Amino acid sequence: MDKIKSLLLVEDNVDDVDLTLLCLNRNKIANRVDVVRDGADALDYIFARGRHEHRNIDDHPAVILLDLNLPKVSGLEVLAAIRKDPRTRRVPVVIFTTSNEERDIAGSYDGGANSYIRKPVDLERFNEAIRQLGLYWVLLNQEPPHA
Amino acid sequence: MRVITKLRPLINERLQIAENAVTTRQKVGEQAAIAILLRHNVLTVINEIRQVVGAMQADERGLLKIRMNRHSESSQKLQMLIYCGSATAMIFLFIASILIHQDIRIRQHVEQELRESQTRLQRQADELLTANKELESFSYSVSHDLRAPLRGIEGFSQLILEQYKDRFDETAQGYFDRISAAARRMGILIDEILDLSRITRLPLQMQDVDLAALARGIAEDLQKADPARHVEWTIPTTLPVQGDMTLLNVALTNLLSNAWKFTGKRADAKIELGTMLKDGNIVYFVRDNGAGFDMAYVNKLFQAFQRLHSPAEFPGVGIGLATVQRVVHRHGGRVWAEGVVNRGAVFYFTLI
């Protein structure tokens, strides 16, 4: 039960992946971070199928950092699939994206996102966002019981 | 008439004889009555009467003939009249049909033009809708796709500075600083463009707005952000208008922040929100006694990304007044400015 939970990062931009990993590392957030690069791969990971079929579906990540603009399946579609399935519907999902379009923010909350964070351009603020995000979702937040 | 006057004594005479004969016949007897009739030569009288009646009949026939002739003449006239009438009617009908035909042609032409202009309008509306959608998806992609690489540029130049600082001399370090500063600035620009496009896209929500209350809130925020500065604010107790609260707040924030910014180098800074009447319309204004501007460049003032001061002098990206203009235009108003270098500026706007 005390097993350290992993984080799932759904991000297609390799720069953002590296910057996110670097900032997590800087802020001593030592959880394992699994990275998937498109929406379809994210769904395979979450529902333990395809190349992720060896995974235990009940082994939920502490939080899913989900970009919106993703290849194949969009972030909002991934979110909808997570919320629709009783096995995954309580998993915390934080939208972590560049967009601050109102329809994206509204769509994310309507789709059941737990939080919406806009990635800042400058590294200092990006680092601060990751620090707070890690602190909150990994240390502070009480994880949901299994459905 | 003549014949009738001749006829009357004859008939009277004949009646007299007959009367005598009848009376005699009653009183004396049949032989005496016959004698009276013979004595008076009844047959001659009867013949005369016949002649007169014959003459009358002849007269009558003559008259009938004349009447017949007259009748045929008048019926000929009537016929002529009918022909003429018919011809006139035909001409009128012909003219009317030409006119109707012309009217129909004009109407058809107008209808055709109307249809064409409707089609044109529909096409333009469709194009506008498409353009609007394209603009929306463009601004979406600007927001998302153009901004993302900036994080790479900014982030990795910062990382080089942090992690490999000792490998670069000061000049090179300065260059990396400039790369990340430029990326940050571009990020701000993109955000400003998006804000500007949002102001154009969002539907207006008209309501009662107190510009004075908005202004006091903005002034308070500005003062809080820089408590060391002293500015003399003049804001009326109340200034009710009809408009979109959010957009008016954006516009007023830009105007008052500008006034705040450009009076930054004055010890006796004054900023005023007020109204005046011009051609019967209420004009709102924001006046300051700051850096002002050269009226030669007044036309550039409201264009996006046009600046009359260097960023070193007064910071900014040059989108504030373009935003103000859009907000005012969306309210059906007008905005203009007057300025004198180092004396101050006045920004006027109307709302309808």
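This is a predicted model: local features need pLDDT of at least 70, side-chain atom pairs count only at pLDDT 80 or more; totals for chains, interfaces and linings use all residues.
Before you start: residues count from 1 along each chain as its sequence is written, chains are lettered from A and ligands numbered from 1 in the order in which they are written. Local features need pLDDT of at least 70 and side-chain atom pairs count only at pLDDT 80 or more, while totals for chains, interfaces and linings use all residues.

**Stop 1: chain A**

Select chain A. Five helices and five strands make up its secondary structure. Helices (H or I, at least four residues) and strands (E, at least two) are DSSP runs, numbered from the N terminus. Trace the chain and you read β-α-β-α-β-α-β-α-β-α. Of its 147 residues, 35% are buried (20 or more other C-beta atoms within 10 Å of a residue's own, with C-beta atoms placed from the backbone). Among contacts with a separation of 6 or more, 66% join residues 24 or more positions apart. Contact means C-beta atoms, placed from the backbone, within 7 Å.

**Stop 2: where A meets B**

Show both chains. Here 14 residues of chain A are in contact with 15 residues of chain B. On the chain A side, color helix H1 (14-26) and helix H5 (123-140), the elements that give two or more residues. H1(A) gives the most, with three residues. By class, this side has four nonpolar, five polar and five charged residues. Nonpolar covers Ala, Val, Leu, Ile, Met, Phe, Trp, Tyr, Cys and Pro; charged covers Asp, Glu, Lys and Arg; the others, Gly among them, are polar.

**Stop 3: a helix pair in chain B**

Select residues 170-201 (H5) and 320-330 (H8) of chain B. Their axes come within 9 Å and cross at roughly 5 degrees. That makes H5(B) roughly parallel to H8(B) (angles under 35 degrees). Show side chains: Leu196(B), Ile199(B) and Thr200(B) in H5(B) meet Ala322(B), Thr323(B), Arg326(B) and Val327(B) in H8(B). This contact has four nonpolar, two polar and one charged residues.

**Stop 4: the sheet in chain B**

Now find the open sheet of five strands, in the order E2-E4-E5-E7-E6, with mixed pairing. Strands pair if DSSP finds at least two bridges between them. E2 (231-234) and E6 (335-340) of chain B stand at the edges, each with a single partner strand, so one side of each has no neighbour in the sheet. Zoom in on E6(B) and E7(B) (344-349), which pair in the antiparallel sense over six bridges. There, Ala337(B) stands opposite Phe347(B).

Methods. A residue is buried if 20 or more other C-beta atoms lie within 10 Å of its own, exposed if 12 or fewer, and partly exposed in between; C-beta atoms are placed from the backbone. Two residues are in contact if their C-beta atoms, placed from the backbone, lie within 7 Å. Axes are lines fitted to C-alpha atoms, for helices over the stretch in contact, and angles run from 0 to 180 degrees between N-to-C directions. Angles under 35 degrees count as roughly parallel, over 145 as roughly antiparallel, 65 to 115 as roughly perpendicular and the rest as oblique.
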